[in-house]
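This report looks at how the parts of a protein model meet. Keep the sequence and the 3D view at hand while you read.

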Amino acid sequence: MISLYDFYILNEKLKNKLRTEEFDKRKRDECLKLLGFWISPFSRRVEMALKFKGVPYEYLEEDLPKKTPLLLELNPIHKKVPVLVHNDKILSESHVILEYIDLTWSNNPFLPQDPYEKAMARFWAKFVDEQILPLGFMSLVKAETGIEVAIEETRELITYLEKEVTGKYYFGGKTIGFLDMVAGSMIPFCLARAWECMGIDMITHEKFPELNRWINKLNEVEIVRECIPPKEKHIERMNQIVERIKST
Amino acid sequence: MSSDEVKLIGAWASPFVMRPRIALNLKSVPYEFLQETFGSKSELLLKSNPVHKKIPVLLHADKPVSESNIIVEYIDETWSSSGSSILPSHPYDRAMARFWAAYIDEKWFVSLRNILKAEGEEEKKAVLAQVEEGNALLEKAFNDCSNGKPFFNGDHIGYLDIAFGCFLGWLRVTELAAGHQLLDEAKTPSLSKWAERFCDDPAVKPVMPETTKLAEFAKKIFAKPRA
């Protein structure tokens, strides 16, 4: 087990490296580090974006809920993962990071080029994190009396995404894009696993044939498979979280 | 450059509605302003933004765009050859502008709104302290982003100026109601000068509500029913 002292040393080393003139600023890819957490859909989606661009990076795992001095130094305002360090630049907030990655590495753009399509992708991405996530979480914590209502309300929101993906392989069209990374990391490979632990089949084949097709298509994409938490380990961890929620 | 009809569904008192209005002004795009009546939602609003049923909604050739900061980016990208750029050009500066805009909406504005809702002196003091903490962060952000220039975006107002500046009217109303200065020369010298410049900008002046009018409106909407 790594001690706090070792983390301090790592922190000092990284700080020195960041300030050092070793960095050849002509090589954009020279220093790229991602602070993440294996269960966090927010950090997983950044990994998807970096792999999509084919950009090599160093991954530093946070062992949440414990926060390393490094995380607190790099993201003092929110104290959260993901944090991307690109040479001397420090970025946090997953949507901000994703847009930065798309602009900085111009190969394989994952945001739509058309301004209206781009606005729609951003709108739905915000919807996933700010509406589906909190309401979806309610299905986990509501006592039995409230649970059916919470499930139905969550399904109503998910219906919007069903419409969005209808007639397309992915939200991004023929290949995955920004919204696939946001919705993919959050819904099938995070929330759905938590719902499964509670015995909830939220995204039924009957009500959501398009989304189920989308989830199958996502599973065919190598970088998505590489960037999702391993199922068994994830479900085990989710079970622990769910037990903790039930006991309070 | 798009010449299709532009409409904006909104209300004069909403800081979120101010954002696309300023952006459209910066790009010299004429638009029809469709005012919602306070307390009710028009058919057009419900049809154009069925997900949130909120203003502002931009209708460009009848295609709706919702969420104020998303609308501002849409305006910048659609009328990119008009006026100066609203978003900074460098990816990192753009990321910083987006980061602070998100902070302002998710943390800072929530605290500001809580001042007017606070019950009792203790709660009011605690929330005021939160806003002041936020202001200190934004003062530093301003100094970092502006690099000695007059606005967050440099020589001209941009995305982050708009994202923060739209709240200045409500900030002043809150200061009056709470009897406490939040943005001033002593605590936030750079921001306080920036605020004056922002409000004087020709793209902002026509859409910034007068403080007295806003204060009257605030009294109406925050009026507590008498027992």
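A residue counts as buried when its relative accessible area is under 20%, as exposed when that area is over 50%, and as partly exposed in between. Keep in mind that this is a predicted model.

**A helix and its cover**

Start with helix 8 of chain A, which spans residues 209-219. Which of its residues are buried? They are Leu211(A), Asn212(A), Trp214(A), Ile215(A), Lys217(A) and Leu218(A). The cover over these buried residues includes helix 6 (144-165), helix 7 (178-197) and helix 9 (222-226) of chain A.

Arg155(A) pairs with Glu152(A), and their closest N and O atoms are 2.9 Å apart. Both residues lie in helix 6 of chain A, three residues apart, which is about one turn of the helix.

Now turn to the contact between the chains. The size of an interface is often given as the accessible area lost when the parts come together. Chain A and chain B bury about 2300 Å² between them. Of this area, 70% is on carbon and sulfur atoms. Within chain A, the residues that lose the most area to chain B are Ile77(A), Tyr116(A) and Phe123(A). Together they make up 26% of what that side buries.

How many residues does each chain bring to the contact? Chain A brings 25 residues and chain B brings 27 residues.

Polar links cross this interface too. Seven residue pairs are in polar contact between chain A and chain B, both partners being at pLDDT 80 or more. Three elements of chain A each supply at least two residues to the side that touches chain B: strand 4 (89-92), helix 4 (94-104) and helix 5 (115-141). Helix 5 of chain A gives the most, with twelve residues. By class, this side of chain A has 14 nonpolar, four polar and seven charged residues.

Four salt bridges are found across the interface of chain A and chain B. In one of them, Arg122(A) meets Glu77(B) at 3.2 Å, N to O. Both residues belong to a network of salt bridges that links Glu99(A), Arg122(A), Glu73(B), Glu77(B) and Arg98(B).

Lys126(A) and Glu67(B) also form a salt bridge, with their closest N and O atoms 2.5 Å apart. Why does this pair join two chains? Lys126(A) lies in helix 5 of chain A, and Glu67(B) lies in the loop between strand 4 (63-66) and helix 3 of chain B, so the pair joins two chains. Lys126(A) is partly exposed, with a relative accessible area of 28%.

**Two domains inside chain B**

Chain B has a meeting place of its own. The domain assignment gives domain 1 (6-79) and domain 2 (91-222) of chain B. The C-alpha centres of these domains lie 21 Å apart. Their contact takes 16 residues from domain 1 of chain B and 22 residues from domain 2 of chain B.

The two domains of chain B bury about 1900 Å² between them, 72% of it on carbon and sulfur atoms. Trp12(B), Met18(B) and Arg19(B) supply 32% of the area that domain 1 of chain B buries against domain 2, more than any other three residues.

Two salt bridges are counted between the domains of chain B. Arg19(B) also forms a salt bridge with Asp105(B), the closest N and O atoms being 2.8 Å apart. On the domain 1 side, helix 1 (15-26) and helix 3 (68-78) of chain B each supply at least two residues. Helix 1 of chain B gives the most to that side, with nine residues. This side of domain 1 divides into eleven nonpolar, two polar and three charged residues.

**Salt bridges side by side**

The whole structure has 27 salt bridges over all chains. Here are some of them.

| Residue pair | N to O distance |
|---|---|
| Lys126(A) and Glu67(B) | 2.5 Å |
| Arg19(B) and Asp105(B) | 2.8 Å |
| Arg155(A) and Glu152(A) | 2.9 Å |
| Arg122(A) and Glu77(B) | 3.2 Å |
| Lys205(B) and Asp200(B) | 3.8 Å |

In the last pair, both Asp200(B) and Lys205(B) are exposed.

Terms used
Residues numbered from 1 in each chain as written. Chains lettered and ligands numbered in written order. Predicted model: local features only at pLDDT ≥ 70, side-chain atom pairs only at ≥ 80, totals over all residues. Heavy atoms only, no water. Contact = heavy atoms within 4.5 Å. Buried area = accessible area lost by both parts, 1.4 Å probe. Salt bridge = Lys/Arg side-chain N within 4 Å of Asp/Glu carboxyl O. Polar contact = N/O pair within 3.5 Å; in protein donor to acceptor, adjacent residues only side chain to side chain. Helix = DSSP H or I, 4+ residues; strand = E, 2+ residues; numbered from the N terminus. Nonpolar A, V, L, I, M, F, W, Y, C, P; charged D, E, K, R; others polar. Domains from an automatic or database assignment. Buried < 20%, exposed > 50% of the residue type's maximum accessible area, 1.4 Å probe, protein only.
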